[in-house]
Amino acid sequence: MIESITDGTALPREREDYRILFENNPLPMWVFDTDSLQFLMVNASAVKLYGYSKEEFLQMTIKDIRPQEDISTLLQVTASSREPLNYAGEWVHLKKDGTQLYVEVVSHALQEDDGVKRLVVVHDITARKLAEKQLAEAERHAQTILANIVEIIFSFNDKMEMTYVSPQCYSILGYTPQQFYEDKLLWFNLVHPEDRYLFEEALPKIRTSQEQFQMEYRIKTASNDEKWFITRCTGQLNKNGYMTRMDGSAIDITHRKVMEEKLRFADFSIERASEAFLWSRPDGSLVRVNRAACVMLGFREEELLGLRMYEIAPSFGQQDWAKQWASLEELHSLTVETEVKDAAGELHPVEMQLNYFNFEQKSYSFTSIRQIVERKQAEAEKAALTEEMARQNEHLRQFAYIVSHNLRAPVANIVGLTNLYNRKSSADPINSVLISKLERTSQRLDTTIRDLNEILSIRSKTEQVLEKIDLQQVFADIKESLSGQFIQYTGRIHADFLEGKEVMGVKGYVHSIFLNLITNAIKYQDEARDLEIHINTVFSNGYLCLQVQDNGLGIDLVKQGGKIFGLYRRFHPHIDGKGLGLYMIKTQAETMGGWVDVESEVGKGSIFKVYFQIPPYND
């Protein structure tokens, strides 16, 4: 059979040589019958590759090593007319264990007396097919990646002509890959003229270095728009160190550039804003401050960033800050009026607007701070003006009361008396009586007018310049002037000015206040006990308070509290008086920027408290 490979005239020794060649050939080989498709001979390589023994092969047909789906094709081929030397192409065979083999099959016809046989030589290409499959899969994977990435991937040759560009170039720039291939310098021609120097500087370095280069530049699109790109590229060098290819990527960073520009503008605006801005965390620590905040509080930026919100605004307090943050988290916005402490420790009234926001899953507060010193001053001035108007209205009301009662009564009395006067007979005895009554009425009217004149005189001097007054010296003067009265009464007077003795005021008013309080204590003493007067001073909220305490009759404040400083108010009718003293004390104290308060209880005595402004510290 083997000798049929030749022309049929082979000698016995040659037949042996062909048999040895068949048996020991490294390629799997077999001979099969073209009619029955039965294996007639197989070599050792076929046994080794397919896993069948020689005996098993000889019991099989060539259909037994084919997948079921390929058998019909196999039968068509074997039934068809073929060349003596036939390249059957690539087929899939099955090993004994069911593993598939990819093979290339070549067969040669052997003419025998009992029919046509074919010698088959098989080339195992399984490894190659698997490699091709893996390569194809890798290429599909790469193409999938290229189709889905946002970058443009490119490659240039050593002449800087584009040899590859990914499809993204069309969606980003509006140019197809083919257009870049046809105009190999199109990419560089699209670069903004002002940015081309970046390439001119980088290319000589790229040609001789394997380092990655990066540059940001502007490029023009097909629609004539301008976009920002960031390109990262690396040169591929040959063994001589010269570039043969440059590979890289280009990313559209236009949106990032726009956002960066907006951020720069916002940052520029924030830093130059006249309003102070602070950014803080839930624990009160600061993450950013602007220039105005540093100026307002007198800190350097790094110093301010080391503080917490409750250290800047002490009214919050460390414990209260947690509650404040909880409210902010719930409401998202809070407006509070508080005070901030500057680097020198001074407090300044401000309005804080706190705004809650989340950034990258973290909570923050953006706080704006406005100084409200002028507004507070305006509010204080408005309140003072309102209070002054209320006082003036009260004064007008009392003045109207005086005019309608204290003046009208004597004037009416005078008119009535003059009407009774007998003008026809001056010797009429009734005339002398009327003249006497007119004199007394006129004196009361004069007294009332003098009182009103004194009150109006004090009221008209509200802008009077205050001077420094020594209370201890004023008391000494009054004590000396009243020494005669003190002799008449059993009692004692004690004065203590250790807490303070200097006030700002009008000397005459201070003297009048002191004199009125002491003489009232003497006048309204309780005859059942010895008189005691205690005088002392205490500081209270930036004022010096003069306290004059007695153990006299006292006043029922429940009944008289709202009237005690009224004009012509008397609370002990059995004692002579006009009811003018306390009104004058209140008027004079308020004219000097102070006020008067009283504590009193019937049968125990009274404490009058007069508040005076104090001299500035530098005095």
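# Salt bridges, contacts and strands in a predicted model

The structure holds zero disulfides, and the model is a predicted one.

Q: Is C294 buried or exposed, and what is its relative accessible area?
A: The cut-off for buried is under 20% relative accessible area. C294 falls under that cut-off and counts as buried, because its relative accessible area is 12%.

Q: Is C545 buried or exposed, and at what relative accessibility?
A: Buried means under 20% relative accessible area. C545 counts as buried, because its relative accessibility is 1%.

Q: How many salt bridges does the count come to?
A: Side chains of opposite charge can pair when their charged atoms come close. The rule asks for a side-chain nitrogen of Lys or Arg within 4 Å of a carboxyl oxygen of Asp or Glu. By this rule the number of salt bridges is 35.

Q: Which parts of the chain does the salt bridge between K257 and E216 link, and how many residues apart are they?
A: The side chains of K257 and E216 meet in a salt bridge, with an N to O distance of 2.9 Å. K257 belongs to helix α10 (residues 254–272) and E216 to strand β8 (residues 213–220), so the pair links distant parts of the chain, with a separation of 41 residues.

Q: Which of the two classes, buried or partly exposed, applies to K257 and to E216?
A: The line between the two classes is 20% relative accessible area. K257 has 18% and is buried. E216 has 27%, and is therefore partly exposed.

Q: Which elements hold R288 and D267, and how many residues apart in sequence are the parts they tie together?
A: R288 and D267 form a salt bridge whose closest N and O atoms are 2.1 Å apart. R288 is in strand β12 (residues 286–289) and D267 is in helix α10, so the parts tied together are 21 residues apart in sequence.

Q: Where do D283 and R308 lie, and how many residues apart are they?
A: D283 forms a salt bridge with R308, and the closest N and O atoms are 3.1 Å apart. D283 is in the loop between β11 (276–280) and β12, while R308 is in the loop between α12 (301–305) and α13 (309–312); the pair links distant parts of the chain, 25 residues apart.

Q: What is the nearest side chain of opposite charge to D70, and how far away is it?
A: D70 is placed in the loop between α3 (54–58) and α4 (71–79). Leaving aside residues up to four places away in sequence, D70 touches W91 and V92. A salt bridge requires the two atoms to be within 4 Å. D70 is buried yet has no salt bridge, and the nearest side chain of opposite charge is R66, at 6.4 Å.

Q: What separates the C-alpha atoms of M60 and L37?
A: M60 sits in the loop between α3 and α4 and counts as buried at 9% relative accessibility. Neighbours within four places aside, M60 is in contact with L37, Q38, F39, Y52 and I65. M60 and L37 are 23 residues apart along the chain, and their C-alpha atoms are separated by 8.6 Å.

Q: What separates the C-alpha atoms of D496 and N536?
A: D496 is part of strand β17 (residues 491–496) and counts as partly exposed at 29% relative accessibility. Residues up to four places away in sequence aside, D496 touches I535, N536 and T537. D496 and N536 are 40 residues apart along the chain, with their C-alpha atoms separated by 4.6 Å.

Q: Which residue of β22 is the bridge partner of W595?
A: Strand β21 (residues 595–601) has V596, V598 and S600 on its covered face, and W595 is on the uncovered one with D597, E599 and E601. Seven bridges join β21 to the antiparallel strand β22 (residues 605–613). The two strands form a hairpin with three residues between them, and G603 in the turn has a positive phi of about 85°. The bridge partner of W595 in β22 is Y611.

Conventions:
Residues are numbered from 1 along each chain as its sequence is written. This is a predicted model: local features need pLDDT of at least 70, side-chain atom pairs count only at pLDDT 80 or more; totals for chains, interfaces and linings use all residues. Side-chain values use heavy atoms; hydrogens and water are left out. Helices (H or I, at least four residues) and strands (E, at least two) are DSSP runs, numbered from the N terminus. Buried means under 20% relative accessible area, exposed over 50%, partly exposed in between (1.4 Å probe, protein chains only). Lys and Arg count as positive and Asp and Glu as negative; His and the chain ends are not counted. Contact means heavy atoms within 4.5 Å. A disulfide is a pair of cysteine sulfur atoms within 2.5 Å. Two strands pair if DSSP finds at least two bridges between them.
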